[in-house]
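Here are a few notes to read alongside the model. Keep the viewer open and find each spot as you go.

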Amino acid sequence: MIGFSVFLCKEKIAIIKRKREKGHVDLSGSTFEGKKKTENGTKRLIFTAVSILLEIVFLLFLFTKVSEYATIIDWATRIVAIFLVLGLYSMDKTSSMKMPWIILMLAFPILGVSLYLLVGLNGSTKKMRARYEEIDKKLLPYLPDNRQILEWMKKESPQAGAIASYLTNYSCYPVYQNTDVTYYDEAIKGLDAQLEDLSKAEKFIFMEYHAIEQAESFERIFNVLKDRAVHGVEVRIFYDDVGSIGFINHDFRKRMEENGIACRVFNPIIPVLSVFMNNRDHRKITVIDGKVGFTGGYNLANEYFNVTHPYGRWKDTGIRLEGDAVKSLTVMFLEMWNVVKKTDQDYQKYLPVTDYKVKQEGFIQPYADSPLDDEHVGESVYMNLIAHAKKEIYFTTPYLIITDEMNRALGLAAKRGVDVRIVTPGIPDKKLIYKVTRSYYAGLVRQGVRIYEYTPGFIHAKQCVCDGEAATCGTINMDYRSLYLHFENGAFLYNCDAVGEIRQDFEHIFAESTEVTEKYKSGRSAVLRGTQCFLRLFAPLM
């Protein structure tokens with residue numbers, strides 16, 4: 001937990017520092033509001049850093065005070081480590097997730113056991129699972145059964161129907177037909193569309209985002225939300241504390257509530273006591289009147305819309321849903337909102353029966369993934385698409401840190417003649433993670449997978465297209481955090497116009513990117529291989 005906390009804070013501080021050095025953060029403080037933003041943001045970062053430092057000092061003080069019992073503590077910890085290793089080995093988890101913890105606990109018992117108990121066990125999951133189960137028992141029954149639509153889909157495409165069946169049975173979110181999907185190949189296009197739809201809201205607005213930045217882009221949204229609240233629209237904002245740290249001030253919630261906007265924070269950082277800190281809300285959802293919904297890869301911060309350019313040109317994507325499938329996004333939001341503090345009693349008023357007349361054919365299935373169950377929905381959808389691919393399957397992901405199982409699945413698809421391509425950033429936002437991402441290239445390339453790096457800058461889009469018929473778009477990166485530790489959401493699309501548009505966008509991405517496949521076919525130095533192996537070993541802990 002300590003290491004993870006320090007890593008997060010260092011990353012946030014480094015990001016802000018780089019922005020300031022490049023002139024992307026207004027340091028002039030020319031207005032009173034600007035001065036307060038800088039002052040409050042700095043106070044928030046200092047408070048968090050000092051809190052973590054005090055936690056480390058406390059632990060060091062504790063160990064030095066009991067130094068005379070060092071031998072006893074060492075042996076006791078080693079015995080605990082052995083039992084934890086045996087228990088971990090017997091768990092139904094991928095070996096890529098087990099091995100780093102096993103090595104860490106056996107090599108450094110005190111550090112390894114402490115970190116595993118605080119972070120590896122996923123914190124107070126028993127209590128959190130009970131809370132989610134209680135909410136889901138009341139919420140999920142409001143979703144339509146739609147088994148008949150699922151059967152139609154199976155007849156049209158057994159492969160796509162199989163994926164939809166999996167999502168229906170294991171994520172509990174149904175497949176829909178009466179829904180139009182609009183694809184946005186740039187985040188700013190999605191934001192402009194959101195602003196237009198938000199201005200038309202009549203009953204309620206729900207917004208759930210991993211990161212919100214108090215800057216120009218969010219101010220555009222805030223002005224619309226204020227206006228809608230004045231006109232009697234119920235407005236709610238939900239954000240993740242770690243995702244937004246350094247971006248917003250302590251008075252953000254107060255400012256929202258003073259303007260009639262309800263605001264909640266997911267899993268606030270509380271050093272020492274925050275054992276659930278490793279699981280974050282990485283979802284991006286907007287729902288308007290239960291009729292229109294937005295999701296995709298972008299957060300509500302300037303860099304996502306290329307207002308600032310800390311990592312070159314930012315590439316992100318999203319989708320707009322209008323029709324029946326918005327119900328699933330509404331349920332996802334209500335789940336997280338009520339887990340933090342249960343207040344809603346009448347869910348039905350947020351799930352209206354729509355008489356929307358669809359303009360296009362196709363199937364759409366929004367889905368959610370939770371780290372509190374043993375079903376890794378996001379990874380399973382990717383694995384199913386890889387397994388069913390006949391001609392081609394393309395991915396974009398900002399981070400490529402995958403399990404041995406997914407590595408093998410991608411390789412097998414390439415070996416059976418499928419054109420498998422993965423696009424990662426050309427300019428990294430986190431240099432250490434970037435080194436780990438590149439460490440996977442050689443193994444994939446040797447199996448026939450083609451690797452591209454997005455030359456203009458940082459590609460943050462999380463999407464996949466398979467055979468030009470099926471696609472996914474959402475928040476799920478191809479890394480351990482998204483696949484195993486975060487609350488995520490996505491949308492599975494089949495035979496929609498948007499699938500063709502995503503496929504076309506991939507052609508533009510390839511044209512702007514540099515293919516590095518040949519570069520990674522050649523051998524690497526022993527030092528480089530050793531460094532990459534070491535980083536790969538601890539990839540699940542990053």
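Predicted model: local features only at pLDDT ≥ 70, side-chain atom pairs only at ≥ 80, totals over all residues.

**Notes on the model**

1. Now the overall build. The protein has 20 helices and 17 strands. Out of its 542 residues, 58% count as buried. Take the contacts with a separation of 6 or more: 82% of them link residues 24 or more positions apart.

2. I82, L86 and L106 together make a nonpolar surface patch of about 290 Å². L106 sits in helix α4, which covers residues 95-107. Is L106 buried, partly exposed or exposed? L106 has 46% relative accessibility, so it counts as partly exposed, since that label covers values between 20% and 50%.

3. Then have a look at D369, which belongs to strand β9 (residues 363-369). D369 is buried, but it has no salt bridge. Which side chain of opposite charge is nearest to D369? That would be R283, 7.1 Å away.

4. What does the D369 side chain have by way of a polar partner? One of its polar atoms lies 2.9 Å from the backbone nitrogen of G378. Leaving out residues up to four places away in sequence, D369 touches R283, E375, H376, V377, G378, L483, H486, F487 and E488. So G378 and R283 both turn up in that list of contacts, as defined by heavy atoms within 4.5 Å.

Notes:
Residues numbered from 1 in each chain as written. Heavy atoms only, no water. Helix = DSSP H or I, 4+ residues; strand = E, 2+ residues; numbered from the N terminus. Buried < 20%, exposed > 50% of the residue type's maximum accessible area, 1.4 Å probe, protein only. Lys, Arg positive; Asp, Glu negative; His and termini not counted. Salt bridge = Lys/Arg side-chain N within 4 Å of Asp/Glu carboxyl O. Polar contact = N/O pair within 3.5 Å; in protein donor to acceptor, adjacent residues only side chain to side chain. Patch = residues over 30% accessible without salt bridge, like charges linked within 9 Å, V, L, I, M, F, W, Y side chains within 5 Å. Areas by Shrake-Rupley, 256 points an atom, 1.4 Å probe, with all protein chains shown as cover.
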